[in-house]
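Me: I'd like a close look at one part of this model: the place where the two chains meet. Could you walk me through it slowly, as I'm new to this?

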Amino acid sequence: MDVVNQLRRQFVDYSTSLHREGILDDQFTQLQKLQDENSPDFVVEVASLFFEDCEKLINNMGRALEQQQGVDFKQVDASVHQLKGSSSSIGAMRVKNVCITFRSFCEAQNREGCLRCLQQVIHEFSLLKNKLQTLFRLEQQILTAGGSIPVIE
Amino acid sequence: MAADSEFHVLAVDDSIIDRKLIERLLKTSSFQVTTVDSGSKALEFLGLHEDDGIINTNTPSVSPNNHQWCLQEVEVNLVITDYCMPGMTGYDLLKKIKESSSLKNIPVVIMSSENVPSRISRCLEEGAEEFLLKPVRLSDLNKLRPHMLKTKIKDHQEPEKQDKEEKQQQPQSNNNNRKAMEEGISTEKIRPRLNGITAMV
């Protein structure tokens, strides 16, 4: 019993910190609310899809920005737009915010600015992925110990 | 399980994440859901073939093109589509549905991650019932059921052929009032939604 409570408290603290740091926003909470007995792995599934999608888009952006003969900024922007949409849908606030800046550089056809943003996207994405995996691990530990995952408002 | 018949929603979005999300939202709201990743697939599912315009609704005959999942018996009560999609946009899809004599009565809802007033008014003018800002919430989906109910009532009370004029003259007071309100000053239509949007942002 004590182990479960400790884990639950850890989960709440960790979750709260992720929101406080702006890594996750309210949309993530909305996703958690949609998870139930009918769809018990919903959040993990969406997150997995997001990680895959993100990696693909980052690769696309990197390739497009490397083009020596001339960067197709429309193509870069299309990928950024997609990433902005996905990150918004999952509640990945910091990733989304970088995308907003990224799009302005695309519009201005500023290659240096775009490259800087790409680095930021990679950084924020890695951070998010690590943190979410930690969060999911905590959830799993709680469930294994026989407890239930706290609902955070 | 609800005693009344379930509504079937066709959701269209090129993003796999958004498709998963809208599917969960719709199922949580007790709708039956089919998701497709493009406007052209949506039209195929609805039984509208772009080239020959053969429309299959409520006829149990087999479609000449014979797609396995192109079921004529499957009724779609609402189409919810993303606006920004490669190829056929949500707006293009909306237009095609509203231009089709067999599909025009299906309510269409547009979703977009971008709050562009001209985009919103263009969609509403083309006949979209709602314009929802992404990320879509459960509460947004509460707006959908009235549009689907409206169509069901209409289907039961009227013969197959109807045009816009007839719709407005119907003695269905509630539906009429809402329609009249909606077709009022377009800024009125837009402003409440924008207020909702700014509140959300």
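Reply: Let's start with a term: buried area is the accessible area, found with a 1.4 Å probe, that two parts lose on being put together, summed over both. Keep in mind that this is a predicted model. By that definition, chain B and chain A bury about 1,600 Å² between them, and 62% of that is on carbon and sulfur atoms. Three residues, B:Ile17, B:Lys20 and B:Arg24, supply 41% of the area that chain B buries against chain A, more than any other three residues.

Now count who touches whom: 14 residues of chain B are in contact with 19 residues of chain A.

What about charges and polar atoms? The rule finds 4 salt bridges across the interface of chain B and chain A, along with 6 residue pairs in polar contact. B:Arg24, already named for its share of the buried area, forms a salt bridge with A:Asp36, with the closest N and O atoms 3.6 Å apart. On the side of chain B that touches chain A, the largest share, 8 residues, comes from α1(B). Sorted by class, that side has 7 nonpolar, 2 polar and 5 charged residues.

At its start, a side-chain oxygen of A:Asp25 reaches to within 2.9 Å of the backbone nitrogen of A:Gln27.

In general, nonpolar side chains tend to be buried together in soluble globular proteins. Here the largest nonpolar core has 65 residues, and those touching the most other members are A:Phe50, A:Val76, A:Leu83, A:Phe102, A:Leu132, B:Leu26 and B:Ile80. The largest share of this core, 13 residues, comes from α3(A). Zoom in on A:Leu83: leaving aside its neighbours within four places in sequence, its contacts include A:Phe50, A:Cys54, A:Leu57 and A:Val121. There's a second, separate core of 27 residues too, with B:Ala42, B:Phe45, B:Val79 and B:Leu133 among them.

Notes:
Residues numbered from 1 in each chain as written. Chains lettered and ligands numbered in written order. Predicted model: local features only at pLDDT ≥ 70, side-chain atom pairs only at ≥ 80, totals over all residues. Heavy atoms only, no water. Polar contact = N/O pair within 3.5 Å; in protein donor to acceptor, adjacent residues only side chain to side chain. Helix = DSSP H or I, 4+ residues; strand = E, 2+ residues; numbered from the N terminus. Contact = heavy atoms within 4.5 Å. Salt bridge = Lys/Arg side-chain N within 4 Å of Asp/Glu carboxyl O. Nonpolar A, V, L, I, M, F, W, Y, C, P; charged D, E, K, R; others polar. Core = buried A, V, L, I, M, F, W, Y, C linked by side-chain atoms within 4.5 Å. Buried < 20%, exposed > 50% of the residue type's maximum accessible area, 1.4 Å probe, protein only.
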